Amino acid sequence: MSMPECRKELKKYFNHLMSLVEGLYAIIITDRDGVPVFKVSTENAPELALRPTFLSTFGMATDQASKLGLSKNKSMISTYSAFQVVHLNKLPLIVTMVASSKTNTGMLLALERDFDNVLKDMRAVVDIS
Amino acid sequence: MEKALERQLDETMNNPGVVGVLCADKQGLCLGARGTGERQTCGLITSLAETAQKLHPDESSSPVISIETDNMQILIKSKEGITTAVYKSST
């Protein structure tokens, strides 16, 4: 499969995942520095949450949280008045989900399983570079 | 703080036929789980309860949802923002 085709398939799959959870506005996959590798979003997603400056904060936060003596940090949930952001630590990749504050957080966390298969291949690419 | 809930979950597990139980808040986050009740399914269970409630929005109390499989029955009920699922063995 060629690169554009692969990207198209990936986009289709992530859009499908977004449709599974009501109020999920964006799924962003970045490297540990917050550089976007892949992104799907709806027009409802706040623009600020899609910027690398916002996305890179989790990389630092998860490193610090892992030093609390409670083993490696797996995920972080930040809730705001209108939005919630769920970060999953899949280093060297980071998954960020931006959703409405009313969205079922448990459903967002349950998407982790669906990400695992796709991330396996992506991780190999990031590891090499 | 959660000792009362933990005790309640253990008591539920002692009932005949019960093989699992889980409890979630209205955000779908797990409050406690025992036996076959998988923590990762808390979000789904809460979502099911919310969707079922929409079938009869005028009803004051939430419905009891029963999911039957070949070897298990799952009973789901929401009350005061807490959703509980009880897994019962059919055999």
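This is a predicted model: local features need pLDDT of at least 70, side-chain atom pairs count only at pLDDT 80 or more; totals for chains, interfaces and linings use all residues.

Trainee: How many bridges join strand 3 of chain B to strand 4 of chain B?

Mentor: There are 4 bridges, and the two strands run antiparallel. Within that pairing, Ile67(B) stands opposite Ile74(B) of strand 4.

Trainee: And which residue does Ile74(B) stand opposite in strand 5 of chain B?

Mentor: Tyr87(B) of strand 5 stands opposite Ile74(B). Strand 4 (residues 72-79) and strand 5 (residues 82-89) of chain B are antiparallel and share 8 bridges.

Trainee: What does the turn between strand 4 and strand 5 of chain B look like?

Mentor: That hairpin has 2 residues between the strands, and Glu80(B) in the turn has a positive phi of about 50°. Lys79(B) has Ile82(B) of strand 5 as its bridge partner.

Trainee: What about strand 1 and strand 2 of chain B, how many bridges there?

Mentor: They pair in the antiparallel sense over 5 bridges. Leu22(B) is placed opposite Ala33(B) of strand 2. The hairpin has 5 residues between the strands, and Gly28(B) takes a positive phi near 80°.

Trainee: In what order do the strands of the chain B sheet come?

Mentor: The order is 2-1-5-4-3, in an open sheet of 5 strands with antiparallel pairing. Strand 2 (30-35) and strand 3 (65-68) of chain B are at the edges with a single partner strand each, so one side of each has no neighbour in the sheet. On average, neighbouring strands of this sheet are turned by 15° against each other, direction ignored.

Trainee: Which strands does helix 1 of chain B touch?

Mentor: Helix 1 (residues 3-13) of chain B packs on the sheet and touches strand 1 (18-24), strand 2 and strand 5. The direction of helix 1 makes about 155° with that of strand 1 of chain B.

Trainee: Changing topic to chain A: what is the strand order there?

Mentor: Chain A has an open sheet of 5 strands in the order 2-1-5-4-3, with antiparallel pairing. Its edges are strand 2 (36-41) and strand 3 (75-79), each with a single partner strand, so one side of each is left without a neighbour in the sheet.

Trainee: How many bridges hold strand 4 and strand 5 of chain A?

Mentor: Strand 4 (residues 83-90) and strand 5 (residues 93-100) of chain A pair in the antiparallel sense over 8 bridges. His87(A) stands opposite Thr96(A) of strand 5.

Trainee: Where do helix 1 and helix 2 of chain A sit?

Mentor: Helix 1 (residues 3-20) of chain A lies across strand 1 (24-31) and strand 2, running at about 50° to strand 2 of chain A. Helix 2 (residues 52-65) of chain A packs on the sheet and touches strand 1, strand 2, strand 3, strand 4 and strand 5, its direction making about 55° with that of strand 4 of chain A.

Trainee: Now the contact between the chains. How many residues of each are in contact?

Mentor: The contact involves 10 residues of chain B and 14 residues of chain A. Together the chains bury about 820 Å², with 39% of it on carbon and sulfur atoms. On the chain B side, Gln27(B), Leu29(B) and Gln40(B) lose the most area to chain A, together 62% of what that side buries.

Trainee: Which residues form the salt bridge between the chains?

Mentor: The count is 1 salt bridge between chain B and chain A. Arg113(A) forms a salt bridge with Glu38(B), the closest N and O atoms being 2.4 Å apart. There are also 5 residue pairs in polar contact across the interface. The chain B residues that touch chain A divide into 2 nonpolar, 6 polar and 2 charged.

Trainee: How many salt bridges are there over all chains?

Mentor: The count comes to 6. One salt bridge joins the side chains of Asp116(A) and Lys90(A), at 2.9 Å from N to O. Asp116(A) belongs to helix 4 (residues 112-128) and Lys90(A) to strand 4 of chain A, so the pair ties together parts that are 26 residues apart in sequence.

How values were computed: Residues are numbered from 1 along each chain as its sequence is written. Chains are lettered from A and ligands numbered from 1 in the order in which they are written. Side-chain values use heavy atoms; hydrogens and water are left out. Two strands pair if DSSP finds at least two bridges between them. Contact means heavy atoms within 4.5 Å. Axes are lines fitted to C-alpha atoms, for helices over the stretch in contact, and angles run from 0 to 180 degrees between N-to-C directions. Buried area is the accessible area (1.4 Å probe) that two parts lose on being put together, summed over both. A salt bridge is a side-chain nitrogen of Lys or Arg within 4 Å of a carboxyl oxygen of Asp or Glu. A polar contact is a pair of N or O atoms within 3.5 Å; within protein, one must be able to donate a hydrogen and the other to accept it, and residues adjacent in sequence count only if both atoms are side-chain atoms. Ala, Val, Leu, Ile, Met, Phe, Trp, Tyr, Cys and Pro count as nonpolar, Asp, Glu, Lys and Arg as charged, and the others, Gly among them, as polar.
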